[in-house]
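Please report on the surroundings of the ligand in the structure shown below.

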Amino acid sequence: MNFTQSLNQPEILLVDDTPEHIETAVTVLRENNFRVRIATKGSTAFKLIEQHQPDLILLDVYMPEMDGFEICRIIKTESDFSSIPIIFLTSSNDAESIKKGFDLGAQDYVVKPFNTSELLARVHTHIKLKKQTESLLKANHELDSFCYTVAHDLKAPLLSLSKLTEYLDLDYSDRLNNEGRELIDNIQDKSKEIIQLVDHLLELSRMSEMPMNIEPINLEQLFWEVYAELIKLEPQRDVKFTIQHLPTIQGDSVMIKLLVMNVLSNALKYTRNRKEASIEATAMENEAEFIISIKDNGAGFDMRYASRLFSVFQRLHSQNEFEGSGVGLAIVQKILKRHHGLAWMTGKVDEGATFYFSFRKD
Ligand SMILES: Nc1ncnc2c1ncn2[C@@H]1O[C@H](COP(=O)(O)OP(=O)(O)O)[C@@H](O)[C@H]1O
Ligand SMILES: [Mg+2]
């Protein structure tokens with residue numbers, strides 16, 4: 001077997017303090033073409049992980065100094081290492097420690113003395129899962145960069161197109177009949193629409209890559225601020241906008257402003273045909289999180305299609321009825337994901353919609 005081949009073999013870190021256990025496990029794993037490194041205590045395990053990330057960790061529960069649970073907890077809270085799968089080696093079928101292991105984020109457990117084929121099956125499964133997750137993440141990342149590049153490269157020619165039509169309108173409109181002028185108007189409207197869509201797409205990919213700067217954000221103040229900016233664009237509207245006390249949260253202020261902007265502009269857009277529009281922002285909280293809701297009395301939507309709302313380009317209303325690109329809520333979703341929050345919506349056709357998002361307190 002040559003050196004490159006052996007480097008391609010998955011590597012397992014075995015953390016155990018009993019020599020007989022180590023010997024059995026190492027024999028089985030090496031026979032099955034795994035590379036194995038061994039640590040007999042927590043501090044050595046951390047050193048080895050830092051030197052080089054293993055593809056999987058087999059972790060004994062009971063060890064002096066630091067037990068397997070503590071080691072697992074530390075690895076799973078360290079973001080660089082949290083994706084390494086951990087299989088606990090428990091000495092008895094001890095339900096309590098198995099549950100504790102899972103609660104701490106371990107992927108699986110094997111009872112000692114282990115059955116060779118069971119151990120191998122579990123190791124293979126978790127290494128395969130890890131590789132699949134990694135390739136999905138990579139594909140996602142590539143898709144994001146692709147989307148960014150396409151949008152970015154489209155923008156310049158689109159802007160020229162729009163400028164050229166503007167010149168056409170300015171310099172030649174007196175030589176055109178009504179039909180010609182109408183066509184120019186249409187081209188201008190369409191290019192505005194596409195430019196806006198491209199801008200939204202750029203914003204969407206920026207949200208995955210942008211470094212975050214976490215600081216306290218007074219949501220109540222932010223909601224008023226964003227609302228004031230938006231209503232300035234439609235001063236003729238009669239809107240009853242109310243805020244029940246909203247909390248201060250920890251987040252990236254640029255991203256959270258974009259989130260509020262998208263949600264409030266939806267609420268304003270879909271209440272446009274109401275004589276008296278009403279938009280109400282409220283917060284609830286439990287021990288771990290805030291749940292903020294924005295309720296409107298607008299066009300609403302059919303709950304059967306609620307699962308589509310947060311996907312790119314998915315719209316439940318036609319362009320004639322309500323213009324839009326269908327990217328806003330995808331941006332909102334991405335922002336919340338980066339803040340470990342969730343978003344969902346409820347609604348009823350012709351009665352209104354409520355947008356909810358959760359935000360962790362820590
Ligand atoms: N407040 C709301 N009331 C009714 N429907 C909504 C509301 N907010 C979002 N939606 C629905 O969700 C879809 C996706 O929203 P979004 O991503 O912001 O795209 P856009 O507003 O550009 O259409 C919208 O097309 C609309 O059908
Ligand atoms: Mg929108």
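## Composition of the shell

Grouped by class, the shell around ligand 1 holds eight nonpolar, eight polar and three charged residues. Here Ala, Val, Leu, Ile, Met, Phe, Trp, Tyr, Cys and Pro count as nonpolar, Asp, Glu, Lys and Arg as charged, and the others, Gly among them, as polar. Asp296, Arg315, His317, Ser325 and Leu329 come nearest of the 19 residues around ligand 1 (a heavy atom within 4 Å).

The model is predicted: local features need pLDDT of at least 70 and side-chain atom pairs pLDDT 80 or more, whereas totals for chains, interfaces and linings use all residues. Residues are numbered from 1 along each chain as written, chains are lettered from A and ligands numbered from 1 in the order written, and side-chain values use heavy atoms, without hydrogens and water.

## Polar contacts and burial

A nitrogen atom of ligand 1 lies 2.8 Å from a polar side-chain atom of aspartate 296. Polar backbone atoms also take part: that of serine 325 is 2.9 Å from an oxygen atom of ligand 1, and that of glycine 326 is 2.9 Å from an oxygen atom of ligand 1. Taken alone, ligand 1 exposes 530 Å², of which the protein buries 97% (Shrake-Rupley method, 1.4 Å probe).

## Contributing helices

Helix H9 (253-270) and helix H10 (328-338) are the elements that give two or more residues to the shell around ligand 1 (helices are DSSP runs of H or I, at least four residues). H9 gives the most, with three residues.

## Domains

The protein chain comprises domain 1 (3-114), domain 2 (137-209) and domain 3 (211-362), with bounds from an automatic or database domain assignment. The C-alpha centres of domain 1 and domain 3 are 44 Å apart.

Notes: Polar contact = N/O pair within 3.5 Å; in protein donor to acceptor, adjacent residues only side chain to side chain.
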